[in-house]
Protein chains: 2
Amino acid sequence: MKEIELIGKRAKDASRKLAVLGTNDKNSALEEMASLLKSSEDKIMKANERDIKKAKGKKRSSSFLDRLTITSAGFKGMVDSILRISELPDPVGEVIKMWKRPNGLEIRKVRVPIGVIGIIYEARPNVSVDAGCLCIKSGNCVILRGGADAINSNLALVDVLNKAAVSAGIPGGSLQLVENTSHAAVDALLRLDKYVALIIPRGGENLIRAVTERSTIPVIKHYKGICHVYVDSSADLKIAREVCFNAKVQRPGVCNAMETMLVHKKVAKRFLKPMLDRFKSAGVEIRGCPETRKIVPRAGRAAEKDWGTEYLDLVLSVKVVSNIEEAIEHINTYGSSHSDAIITTGLDSAKKFSNEVDSACVYVNASTRFTDGGEFGFGAEMGISTDKFHARGPMGLEELTTYKYVVYGNGQIRQ
Amino acid sequence: MKEIELIGKRAKDASRKLAVLGTNDKNSALEEMASLLKSSEDKIMKANERDIKKAKGKKRSSSFLDRLTITSAGFKGMVDSILRISELPDPVGEVIKMWKRPNGLEIRKVRVPIGVIGIIYEARPNVSVDAGCLCIKSGNCVILRGGADAINSNLALVDVLNKAAVSAGIPGGSLQLVENTSHAAVDALLRLDKYVALIIPRGGENLIRAVTERSTIPVIKHYKGICHVYVDSSADLKIAREVCFNAKVQRPGVCNAMETMLVHKKVAKRFLKPMLDRFKSAGVEIRGCPETRKIVPRAGRAAEKDWGTEYLDLVLSVKVVSNIEEAIEHINTYGSSHSDAIITTGLDSAKKFSNEVDSACVYVNASTRFTDGGEFGFGAEMGISTDKFHARGPMGLEELTTYKYVVYGNGQIRQ
């Protein structure tokens, strides 16, 4: 597809210049972008209203409309997020390691931008701003391809951001939106491995799976978050109760919320009764294993498929296990390698759990809800990776870079 | 394919145990493996002779037979390489970073094994030993799939290594050879993403391309090495002559040898005449641009396709450029992002070149031939990556690991 090819080539050309742009230049461009965006509120809101009107005509669900709508607070959030990104340290140019060889060669492992990043997302216009600006800050050119339902909002946002960026010295082509909202355009982008170095899909599991299957470009992704909290026999049950409640109830619709609670049989009776009462008052539906239902008979029955389900809702699977080995085995079998926690006072249990659970983030005595770029102190988040390659767990600016080796010598030749 | 599925499952099961095995346990197993291999020389040599006899019957080329043959020195080299790997520091468990959040959470970024690695290679039996032992040392289970022509050698080698490994406490299934030498077996392995986390192909460009196209598992690879040396206007011409000669002639058949020499027009006349004379006495065929041929008329003519050709032989493309920008543009257009060098006395040129050349290894005043795990001080090498993801440049033990976040708290919940 000619138009996508041209977008790719423009981005690749721009990426050479953007990669070597100084930190101050990038930061002042981001400030300009925030400022022009702020003064373009009317224009953006009008474009967003057109999208909302069309989506309502198509009888989209209320949660869909929710994600599509830019509220006044949401707009302010977008502007603020650009300013926050401009204040973060620039990862580019960091010397990750440096050493000298016996022959005098000085080897530096230096952090550099990846190149051109393609972001594929659904109808959340704020992704255009957040993801776009994170890429610019990390020296990467970005090709945005948002959902068809948000096209007017995205066109307006990218137009404003681009005007400010280019007038502030960011190379043209650094920030582009694919205006063609057909599936064929996505497919063409996913095969543009000549120009695009990385694809990051953001959205539901179906979108991510489709992108991964079709892409000839590396994809960093997370399919789902089936997160566990395991309450060990030696757990401080007060901590266990607070962490489990927080992990399930504080925000059940997100990927780092708990979906399955595992409880050691020794503490099951003492822990489960009051815990499930508390969940009940919070409106949480329980699906328990036979042991759980012996202790709390009113609990529902967990089917095999419950252990592998991401509810994203006030539903919780509960299983009583005989020992820590069974808990680890359960997590490594049914989990999604995202975030899992143990509540324990035993050092051996803490070590065993954190060594053997094969997940991006393993917690000891804390809620799984902390898996988040902001909570980790990264200042911003591009997403969370459950992959093992390149980036694992929360992805901030650093995870949008790669490295190169720069070697200084004074005439060394190989013997 | 049932048998490949079973190999994958066995490896995945073993990987949980191998990942948490202590450094001393892994090292003493490697020592046992070296010792049993050493005392099995006769058996290995007989198996290798059967392969050689069959390959001769098939009229394989002499360079093919060369790679297939285990010489007595080569055998000693295999044993030594295991001992060297046992002496290297264990990358697993290293705390890459650690920080504390304001709420008291202690976040550790810890180095962990990748899991199961598949190695696909041609008729070089030493890869079974080197790659296999590097994987074990880094806590990864390995599935080896060598070429059909080396099957007897590989069977004998892996049998010996496995006996020693298992008797020394390495979990069974950590080191497996695919005995089925059909293409269907490779295809099945490349789709085993349920169990295998990474594929590393080792061999010619055709093998690597075929593996990459068919694999549903991440592949780390390097297609080719089209390496450049650029002689800047401010170059110390004595250094330039030694480095260029070394980069081309010392071992022309390897990926980090120079294939194209770029020369600034200001020094072209002074540099090229004696340099091309020296190359001529070493038997190097020159293919030059029109400017080069004005200076040295006997030089051959470079066609467009020469700039993108990896000769792996005593052939060199030569181009005179007007400035450093043209040199960088040429390298980023025709190069393979492997290793490129500048010879200069100017600090600005050195910085510009190392910033803007988009290659895994960029050299200032040194030969491209240093791109090598051993020369970088990694102690061993699994290969070289021209990819930008996960690993770039020489890959040692560290590049065979990923990381996880281990977070300790004392009951923190998300507000």
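Let me start with a definition: two residues are in contact here if their C-beta atoms, placed from the backbone, lie within 7 Å. With that in hand, the contact between the two chains takes 48 residues from chain A and 48 residues from chain B.

Before going on, a word on what you are looking at. This is a predicted model, in which local features need pLDDT of at least 70 and side-chain atom pairs count only at pLDDT 80 or more, while totals for chains, interfaces and linings use all residues. Residues are numbered from 1 along each chain as its sequence is written, and chains are lettered from A and ligands numbered from 1 in the order in which they are written.

Now, which elements of chain B give two or more residues to the side that touches chain A? They are helix H10 (237-249), helix H14 (347-356), strand S13 (361-366) and strand S16 (401-412). Helices (H or I, at least four residues) and strands (E, at least two) are DSSP runs, numbered from the N terminus. S16(B) supplies the largest share of that side, 11 residues. By type, the side divides into 24 nonpolar, 15 polar and 9 charged residues.

How are the two copies related? Chain B can be laid on chain A with an RMSD of 0.0 Å by a turn of 180 degrees and a shift of 0.0 Å along the axis, superposing by least squares on the C-alpha atoms of residues with pLDDT of at least 70 in both. That is the relation of a two-fold axis. In chain B, the C-alpha nearest the axis belongs to B:His390, 2.1 Å from it. And 100% of the interface residues of chain B are also interface residues in chain A, so the copies meet through the same surface.

Strand S16 of chain A (residues 401-412) runs parallel to S13(B), joined by 5 bridges; strands count as paired if DSSP finds at least two bridges between them. Within that pair, A:Val406 stands opposite B:Val362. The open sheet has 10 strands with mixed pairing, in the order S1(A)-S2(A)-S16(A)-S13(B)-S12(B)-S7(B)-S8(B)-S11(B)-S9(B)-S10(B). At its edges stand S1 (95-100) of chain A and S10 (300-301) of chain B, each with a single partner strand, so one side of each is left without a neighbour in the sheet.

Further along, 4 bridges join S7 (residues 227-231) and S12 (residues 339-343) of chain B, again running parallel, and B:Tyr230 stands opposite B:Ile342. H14(B) lies across S16 of chain A together with S7, S12 and S13 of chain B, at about 160 degrees to S13(B). For such angles, axes are lines fitted to C-alpha atoms, for helices over the stretch in contact, and the range is 0 to 180 degrees between N-to-C directions.

Last, one residue in S13 to look at. B:Asn365 is found in that strand of chain B, and its phi is near 60 degrees, a positive value in a residue other than glycine. Is B:Asn365 buried or exposed? It is buried, with 23 other C-beta atoms within 10 Å. The cut-offs are 20 or more for buried, 12 or fewer for exposed, and partly exposed in between, counting other C-beta atoms within 10 Å of the residue's own, all placed from the backbone.

Key:
Ala, Val, Leu, Ile, Met, Phe, Trp, Tyr, Cys and Pro count as nonpolar, Asp, Glu, Lys and Arg as charged, and the others, Gly among them, as polar.
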